[in-house]
Amino acid sequence: MDDLDAAFGRLAEDLSLFGKRIDYTGRLRFYRVQEHVLIGDVIGEVGYVITIWHGTMNFIDYLQELEPLLIQETELLAQQIANRSRSESIFSTPAHAVVYAHQ
């Protein structure tokens, strides 16, 4: 878990680490952490980790089917955060963030 926590910190500091793959042309982004792959999206200045898969799984084959649901989850989460942020001070919102939805 320490490796995953550190990965969230690195992504929060530099969202460009949350990259694309040459074997996948969709919207989702990926970040490898030892034997795991964080899968998510970037909306604005916020990275959303929607799921974590073991790197030995052939998850690219599943993404075509799962991508619409994962994107819908990301957009819903982004909207919930935006609604919550409107009621808070702008100074309490970080310039970059990584949000983890579920595993």
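Residues are called exposed here when their relative accessible area is over 50% and buried when it is under 20%. The legends below describe close-up views of a predicted model.

**Figure 1. Helix α1 and its two faces.** Helix α1, spanning residues 2-13, has twelve residues, and the distance from its first C-alpha to its last is 17 Å, close to the 16 Å expected at 1.5 Å a residue. The face of α1 that is turned away from its buried side carries D2 and E13, both of which are exposed. The buried residues in α1 include L4, A7, F8 and L11. Seen down the helix axis, the buried residues of α1 fall within an arc of 100°, so they line one face of the helix. An α-helix has 3.6 residues a turn, so residues three or four places apart point the same way.

**Figure 2. The salt bridge between D23 and R21.** The structure holds three salt bridges, and one of them is formed by the side chains of D23 and R21, with a distance of 2.8 Å from N to O. D23 is partly exposed, having a relative accessible area of 44%, and R21 is likewise partly exposed, with a value of 31%. Side chains of opposite charge can pair when their charged atoms come close.

Figure 3. The side chains of D41 and R27 meet in a salt bridge at 2.6 Å, taken from N to O. Because D41 lies in strand β2 (residues 36-43) and R27 in the loop between α1 and β1, this pair ties together parts that are 14 residues apart in sequence. D41 counts as buried at 2% relative accessibility, whereas R27 is partly exposed, with a relative accessible area of 32%. R27 also forms a salt bridge with E75, where the closest N and O atoms are 3.0 Å apart. This second pair links distant parts of the chain, since R27 is in the loop between α1 and β1 and E75 is in helix α2 (residues 59-86), 48 residues apart. E75 counts as partly exposed, at 39% relative accessibility. Through salt bridges that share partners, R27, D41 and E75 are joined into one network.

Figure 4. L70 lies in helix α2 and is buried, with a relative accessible area of 8%. When its neighbours within four places in sequence are left aside, L70 is in contact with L28, I50, T51 and L63.

**Figure 5. Confidence along the chain.** The chain averages a pLDDT of 82, and 81% of the residues score at least 70. Confidence is highest in strand β1, at a mean of 93, and lowest in strand β4 (residues 97-100), at a mean of 57. Over residues 89-96 the pLDDT stays under 50, and for this stretch the model has five contacts beyond four places in sequence.

Note on methods. Residues are numbered from 1 along each chain as its sequence is written. This is a predicted model: local features need pLDDT of at least 70, side-chain atom pairs count only at pLDDT 80 or more; totals for chains, interfaces and linings use all residues. Side-chain values use heavy atoms; hydrogens and water are left out. Helices (H or I, at least four residues) and strands (E, at least two) are DSSP runs, numbered from the N terminus. The expected span of a helix is 1.5 Å times one less than its number of residues. Buried means under 20% relative accessible area, exposed over 50%, partly exposed in between (1.4 Å probe, protein chains only). The arc is that of the directions from the helix axis to the C-beta atoms. A salt bridge is a side-chain nitrogen of Lys or Arg within 4 Å of a carboxyl oxygen of Asp or Glu. Contact means heavy atoms within 4.5 Å. pLDDT is the predictor's confidence in each residue, from 0 to 100.
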